[in-house]
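Subject: Structure for your files

Hello,

Here is the structure I said I would pass on. My notes on it follow below.

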Amino acid sequence: MAVEKTFVMIKPDAVKRGLIGEIVSRFERKGLKIKALKMVKLTRERAEQLYSVHRDKPFFNDLVEFVTSGPVVAMVLEGDSAISVVRLLIGSTDARKAAPGTIRGDFALDIQENVVHASDSPESFEREYRVFFTPEEIE
Ligand code: CMP
């Protein structure tokens with residue numbers, strides 16, 4: 001068994017729509033452990049840091065505008081194969097193509113306003129959680 005941690009962010013669209021409880025509850029019901037959780041409004045600098053791998057993409061500016069448009073909920077989850085399990089639970093990036101039963105499949109219809117973000121690798125996790133938490137906070 002490979003216990004892993006992953007980083008998840010509930011985006012401003014979902015916070016505005018009152019979906020925090022529904023989304024957190026899906027992770028809890030799956031058996032993932034919440035190691036840390038906080039609600040904050042990202043500054044432009046921290047949003048750019050979070051999405052630095054997309055800096056050269058045509059959607060980068062819109063993405064930064066979107067994720068700074070209201071508070072987000074950041075969390076670190078832990079469990080067996082947490083990175084791939086959480087990616088399965090959230091569904092495809094393009095919510096129009098996300099399978100029913102996934103978080104994006106059930107709650108979104110857009111490629112940008114797609115409700116949640118989750119780390120896609122251990123390297124992404126290490127970089128992304130530090131935008132919100134210190135290593136001591138997620139022990
Ligand atoms: P996320 O999983 O957080 O990773 C990058 C984000 O960029 C993505 O979800 C979307 O919110 C946003 N995005 C906007 N347009 C695109 C696009 N064409 N392809 C991928 N991601 C996009």
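In what order do the elements of the protein run from the N terminus on? The order is β-α-α-β-α-α-β-α-α-β-α. That comes to 7 helices and 4 strands in the protein. Please keep in mind that this is a predicted model.

On overall dimensions, the C-alpha trace spans about 40 × 35 × 25 Å along its principal axes. The radius of gyration of the protein is 14 Å, which agrees with the value near 14 Å that a compact globule of 139 residues would have.

The rest concerns the ligand. The ligand sits in the largest pocket. Around the ligand are K11, Y51, H54, F59, L63, T93, R104, I111, Q112, N114 and H117. By class, the residues of this shell divide into 4 nonpolar, 5 polar and 2 charged.

- Y51: an N or O atom of the side chain is 2.6 Å from an oxygen atom of the ligand.
- H117: a polar side-chain atom lies 2.8 Å from an oxygen atom of the ligand.
- N114: an N or O atom of the side chain is 3.1 Å from an oxygen atom of the ligand.

Regards

Definitions and conventions: Residues are numbered from 1 along each chain as its sequence is written. This is a predicted model: local features need pLDDT of at least 70, side-chain atom pairs count only at pLDDT 80 or more; totals for chains, interfaces and linings use all residues. Side-chain values use heavy atoms; hydrogens and water are left out. A residue is near a molecule or strand if one of its heavy atoms lies within 4 Å of it. A polar contact is a pair of N or O atoms within 3.5 Å; within protein, one must be able to donate a hydrogen and the other to accept it, and residues adjacent in sequence count only if both atoms are side-chain atoms. On a 1 Å grid over the protein atoms alone, a cavity is a set of points where a 1.4 Å probe fits but cannot get out, and a pocket is an open set with protein on both sides within 12 Å along at least five of seven lines; lining residues have an atom within 4 Å of a point. A molecule sits in a cavity or pocket if more than half of its atoms lie within 2 Å of its grid points. Ala, Val, Leu, Ile, Met, Phe, Trp, Tyr, Cys and Pro count as nonpolar, Asp, Glu, Lys and Arg as charged, and the others, Gly among them, as polar. Helices (H or I, at least four residues) and strands (E, at least two) are DSSP runs, numbered from the N terminus. The radius of gyration is taken over C-alpha atoms; the globule rule is 2.2 Å times the number of residues to the power 0.38.
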